[in-house]
Amino acid sequence: MGCGVTKSSQFHKHSGKAIRAAVLIQRWYRQYVARMELRRRYTWHIFQSIEYSGEQAQIKLYNFLGYLMDNFTPASNERNLISHIFRENEVCRDAEWERYFCYKNIEVPEIYSGPHLIFPLTVEQAVGLVEAFRNKKQLHSRYVLQLLLETWRRLRVLPNINRISTCHSKEITICGDLHGQLEDLLLIFYKNGMPSLEKPYLFNGDFVDRGKDSIEILLILFSFMIVYPSDVYLNRGNHEDHIVNLRYGFTKEVLTKYKLHGKRILKLLQKIFSWLPLATVIDQKVLVLHGGISDTTDLGVLSRVDRHNYVSALRPPKKKHISSTRTSIDSDMDEDVWGANKLFQRRASFTFPRPLVTRGGFHNRSLQDFSDRIRVVVVEDELEVRRRRQSAFISGNSRPENEGTPIASTDSVNSDNTREEWKQILDLLWSDPMTLDGCMPNEVRGGGCYWGPDVTEDFLNRHNLQLIIRSHECKQEGYEFCHNRKVLTLFSASNYYDVGSNRGAYVKLGPDLVPYMIQYQATSMTRELTVRQSVGRTERSALKVLREQLFAHRSDLICAFKKFDSTNAGLVSLNDWAAAVESVMHLGLPWRMMRGQLVTCKTSDGTVDYHDWFNELAIKGPNTDHIDQSLLETLYRHRSTLETIFRIVDTDNSGFISHEDFRQTWKLLSVYLKMEITDEAISDLAVTIDSNQDGSIDIDEFMEAFRLTDKKSRLERGRSMFMGTAPDLTKLEEDPSI
């Protein structure tokens, strides 16, 4: 008996230690998971903030250029520089367009080893196209034009809202954004099967931009839609827009892959994008659209619009000016059919600049006159937009009744019906859901609106629907339910921000209309990584982007630091450093916690030397010491906007612009940013880039020369992390300097 008591006491003694150890391990693990979740969340927030600010900048730029078009004289050089992107409503018969897009005079050389297409297209040819693109082959421009023409003819007979049904033996597969990531589409086909009579598909927009294989994705989807017209459906997304394509890579991709006929291909794609259906209704109960709805969305109105008039949804269509003489298509519509028009302004769902002055004030004015005038106009600056955005999230109220009144000129199509149509399409392509009730302008993206659960409930009741499936937003798991599971967001581009950043997903919908989700990641590399490695890799990529943004706001940050640095010693405390950075960047990030990753220069007392911090960043390429520093900072901060203007100015799509066009580009940017940039500073910049002194500037070389890098970051030295392996990442994790 005594022995048993001894053993029992020893057991309780050891079990007590085991329990305490288990509690410690559990506490450590919970802290570890919490830290990982925090890192994951702020990484996601960085990526998403940069993405949405880019979309907002593109919309603002397009509004600004449109304003210049409306107020410059028709013969001004500046107007001619940008007018070609606004030639959207050319008055021309379809037969004349088909002659312009004719492929019959394009010969296919004998050495061509890519796929050959014979029309009418067959299933075997569509599948062969998939295999050819899987093997990195390119379709000849003759076949591209032929396939696009067939697609255009097919789309012109489709309604604005497709209505399809399931049956007892069929499930409809719905895919979200693909964004030029061919590997995701190939994986979907591998897991789910190719489109067929038994395997119908619905692709919900944003096929292009950002990824490198956008044209291949389009050609695959179009070929299957032609082969299976009753089983493959496409909805339009906000990136099926030639203005958006200028910034996010699709225009450049097509012109790079098809140098000789790329301009015609892009023009035909503009037509095709404008004819894509706007939405799809499944079994009269499930609505599938790209962006979302607003409190005014009406499927009856959307079903009646002339959708092809909205070549770009960012600007309402203008009245068509029919000339007595035939329009020259071969000159790419040299006649400007827009006339002098003003923009509609819909503060409720579109972020427009405020009217600068009256129309008469710009009569016969040049760009320099406009630049001088714009500096004295009080307009809403960036900080005000951010402040209003944050207050909008907090308030959650419905739209104010007195938000801006749309302004239309006599040349605009200013009927109430047309204005309402444009609002409906804009909301459908650009809107996002929010958790609070109400409906408010989406100032984060710059277009569309935020709508709440009450708006969803009212919309579903009015149209006798039970579910909205939409895309438009990257989700970490590839999908997300909201609004009491009555709105499903679906995103099919995995690894969107970086390898391991998110999963992709598609949904299968049967006769019971219960969504069945399938997730995936289209890279074997993520399977080799631990959770810590995956989060760490994505975090480093996000921090690299954030460092670039911080350096691009250098002057504003230094001013903020000096408010805390009363002795002008160049040092601030950690708390003051974090407060100053947040006051400039407005990102809502845990700056104190991130200090270790963002600031490597340390002082003995724990303060931050902010001058040394900025000196850690360097510029690859030419020596820039003699270039005006304010000009350089403008370049860093508005790099994407500047490149977009370059692409607009490069009317022949050669990739080169003259010194004069280079100067005009910077003048446009200076007016847009309301800042002074001297001709001398621009000339110094041009001479620095034009190393061979041939009088022209390579756009790609210019943009690459002024890309920010971090001296001490190993991510910018050696091979790209996109080519790394799991052992490489393990070594980086163990390196204390990372």
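Strand 13 and strand 14 pair in the antiparallel sense, joined over six bridges; two strands count as paired if DSSP finds at least two bridges between them. Helices (H or I, at least four residues) and strands (E, at least two) are DSSP runs numbered from the N terminus. Please keep in mind that this is a predicted model, in which local features need pLDDT of at least 70 and side-chain atom pairs count only at pLDDT 80 or more, while totals for chains, interfaces and linings use all residues. Residues are numbered from 1 along each chain as its sequence is written, and side-chain values use heavy atoms, with hydrogens and water left out.

**The whole protein**

- You will find 27 helices and 20 strands in the protein.
- Of its 738 residues, 56% are buried (under 20% relative accessible area with a 1.4 Å probe and protein chains only; exposed is over 50%, and partly exposed is in between).
- Contact means heavy atoms within 4.5 Å; among contacts between residues at least 6 apart in sequence, 75% join residues at least 24 apart.

**The sheet and its helices**

- Five strands form an open sheet in the order 4-3-2-13-14, with mixed pairing.
- Strand 4 (232-234) and strand 14 (515-520) are the edge strands, each pairing on one side only.
- From one strand to the next, the twist averages 20°; axes are lines fitted to C-alpha atoms, for helices over the stretch in contact, and angles run from 0 to 180 degrees between N-to-C directions.
- Helix 6 (residues 182-192) lies across strand 2 (172-175), strand 3, strand 13 (504-509) and strand 14, at about 125° to strand 14.
- Helix 7 (residues 214-227) also packs on the sheet, where it touches strand 3 and strand 4.

**The nonpolar cores**

- A nonpolar core is a set of buried Ala, Val, Leu, Ile, Met, Phe, Trp, Tyr and Cys residues joined through side-chain atoms within 4.5 Å.
- The largest one has 102 residues, and those touching the most other members are Leu 546, Phe 561, Trp 577, Trp 591, Phe 662, Trp 666 and Phe 702.
- Helix 1 (residues 2-71) gives this core its largest share, 11 residues.
- A second, separate core has 64 residues, including Phe 101, Phe 133, Leu 178 and Ile 518.
- Leaving aside residues up to four places away in sequence, the contacts of Phe 561 include Trp 577, Tyr 610 and Trp 613.
- In helix 18 (residues 554-564), Leu 557, Ile 558, Ala 560 and Phe 561 are buried.
- These four lie on the same side of helix 18 because they cover an arc of only 165° around the axis, taken from the directions from the helix axis to the C-beta atoms.

- Most residues other than glycine have a negative phi, and most peptide bonds are trans.
- The peptide bond from Phe 119 to Pro 120 is cis, with omega near 5°; Pro 120 is in the loop between helix 3 (94-100) and helix 4 (123-134).
- His 179 has a positive phi of about 50°, lies in the loop between strand 2 and helix 6, and is buried, with a relative accessible area of 1%.
- Asn 464 has a positive phi near 55°; this residue is exposed, with a relative accessible area of 51%.
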